[in-house]
Amino acid sequence: MIDNLACRRGGRLLFEAVSAQVAPGGALLLTGPNGAGKSSLLRLLAGLLRAESGSVSGGGRRAFAGHDVALKPRQSLGAELDYWARLDGGRDRLPGALAAMNLAGLVDVPCRHLSSGQKRRAAIARVIAAGAECWLLDEPTAGLDAASAGLLAAAMGQHRAAGGLIVAAVHGDIGLADAATLRLG
Amino acid sequence: MFFTLLRRDLLLIARSPALWLPVMFFVLAAALFPFAVGPDARLLARIAPGIIWVSALLASLLPVETLLAPDVEDGSIDQLIARGIALELVCAARIIAHWIGFAVPLLAALPVAGVLLGLSADDGTRIAIALALGTPALASLAVVAAALTAGLKGGGALAGLIVLPLALPVLIFGVGSDVAGAFRLLAAASLVALAVGPFAAAAALRPE
């Protein structure tokens, strides 16, 4: 899926000759020190950066959860996720996604009143509701408590059992069984 | 898809605390000129189209820092790109939403400005038609400038510098709309700005 990729940012070569494959139901963990290019590789896979060379192929539709949660402070959580689910054509998947991340009780709360962990859970719920084959998660457990991390692990397990792919940039364990690891830097 | 984007943009504009800013500015500017110029009704009526057009142009620029920059900063644009949604579509929706958000209230406030400046009914109607034809171009230019300056500090001031020279044709044909053919030239300038705007704004937003 990832073939001989190189990425240059601000004139500096972040990484080169990066290749990896993820099979349906598989997962790839990106590890490495800060600044090694984990987030850049994810953004590249999401189409948010252009590769210096190399190519990315296959993987189907992608859903991306980066550092920025993309929630408008004045809008309620439910309205925000409903908008994105509309764009994804997945409004019927939204209640399940909200339940999976234990957000059903927060739908009427304006996003400015949410904690950073709750916003992160909302971003993951948006990924679940997108119904995409490939999940791109940038440090998905950052700011999550143990219970929420467990919910995330369960959601990822379900996604893989249904034949989905996961590529995640991580520091430490996020609860993905038998995942391949790609070390950058 | 397009209507989902447009509905969202309109909703966010309607909820924004800056909703009334452009139209308030427009009416205030029109109210101040009689005091500054003096009570000469004929002079006021003669310069009224110019006052109205300059106020409208500046009013269109007031919300320029909130048009696209928040979406770039909070990752909304990233989410749209990751979904493979064409940024041209996103920018076209934003132009229409901005036009509805600033030009429609401004047209509604035009009678008030007209009374304050002593405009005759005929002149008022002519200016209303000219504004209706010309403001889409101003909305388009504002969105392009917002896209170019999103992510820059003090982008609003820079956006003004970008828009003002490009808005001159609209201003000239708008103020001179009593000359034969001015409406057509105004409409043509608007069409060009509307046709180019979404592509220019999308090109500015696209990742490098």
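Two residues are in contact if their C-beta atoms, placed from the backbone, lie within 7 Å.

**Entry 1: ground rules**

I noted that this is a predicted model, in which local features need pLDDT of at least 70 and side-chain atom pairs count only at pLDDT 80 or more, while totals for chains, interfaces and linings use all residues. Residues are numbered from 1 along each chain as its sequence is written, and chains are lettered from A and ligands numbered from 1 in the order in which they are written.

**Entry 2: chain B as a whole**

I looked up the contacts of chain B with a separation of 6 or more, and found that 82% of them are between residues 24 or more positions apart. Chain B has ten helices and zero strands, where helices (H or I, at least four residues) and strands (E, at least two) are DSSP runs, numbered from the N terminus. Along the sequence the pattern therefore reads α-α-α-α-α-α-α-α-α-α.

For 208 residues a compact globule would have a value near 17 Å, and chain B has 17 Å, which agrees. Along the principal axes, the C-alpha atoms of chain B fill a box of roughly 60 × 35 × 30 Å.

For burial I used this rule: a residue is buried if 20 or more other C-beta atoms lie within 10 Å of its own, exposed if 12 or fewer, and partly exposed in between, with C-beta atoms placed from the backbone. By that rule, 44% of the 208 residues in chain B are buried.

**Entry 3: helix H2 of chain B**

Which residues of H2(B) are buried? They are B:Pro22, B:Val23, B:Phe26, B:Val27 and B:Ala30. Seen down the helix axis, these buried residues fall within an arc of 140°, so they line one face of H2(B); the arc is that of the directions from the helix axis to the C-beta atoms. An α-helix has 3.6 residues a turn, so residues three or four places apart point the same way. The face turned away from the buried side carries the exposed residues B:Leu28, B:Phe35 and B:Ala36. The buried residues pack against helix H3 (41-61) and H7 of chain B, and H2(B) is followed by B:Gly38, whose phi is positive, near 105°.

H7 of chain B, residues 87-117, also holds B:Val115, which counts as exposed with 12 C-beta neighbours inside 10 Å.

**Entry 4: helix H5 of chain A**

I repeated the length check on H5(A), residues 146-161, whose 16 residues should span 22 Å and whose end C-alpha atoms are 22 Å apart, which agrees. In H5(A), the buried residues are A:Ser148, A:Leu152, A:Ala155, A:Met156, A:His159 and A:Arg160. They fall within an arc of 135° seen down the axis, so they line one face of the helix. On the other side, A:Ala146, A:Ala147, A:Gly150 and A:Ala161 are exposed. What covers the buried residues includes strands S3 (27-31), S6 (134-138) and S7 (165-169), together with helices H3 (94-100) and H4 (116-130) of chain A. Just after H5(A), A:Gly163 takes a positive phi of about 95°.

S5(A) and S6(A) run parallel and are joined by four bridges; two strands pair if DSSP finds at least two bridges between them. A:Arg62 stands opposite A:Cys134 in S6(A).

Most residues other than glycine have a negative phi. A:Ala70, in the loop between S5 and H2 of chain A, has a positive phi near 55° and is buried, with 23 other C-beta atoms within 10 Å. A:Glu139, in the loop between S6 and H5 of chain A, has a positive phi near 45° and counts as buried with 21 C-beta neighbours inside 10 Å.

Conventions:
Expected span 1.5 Å × (residues − 1). Rg over C-alpha atoms; globule rule 2.2 N^0.38 Å.
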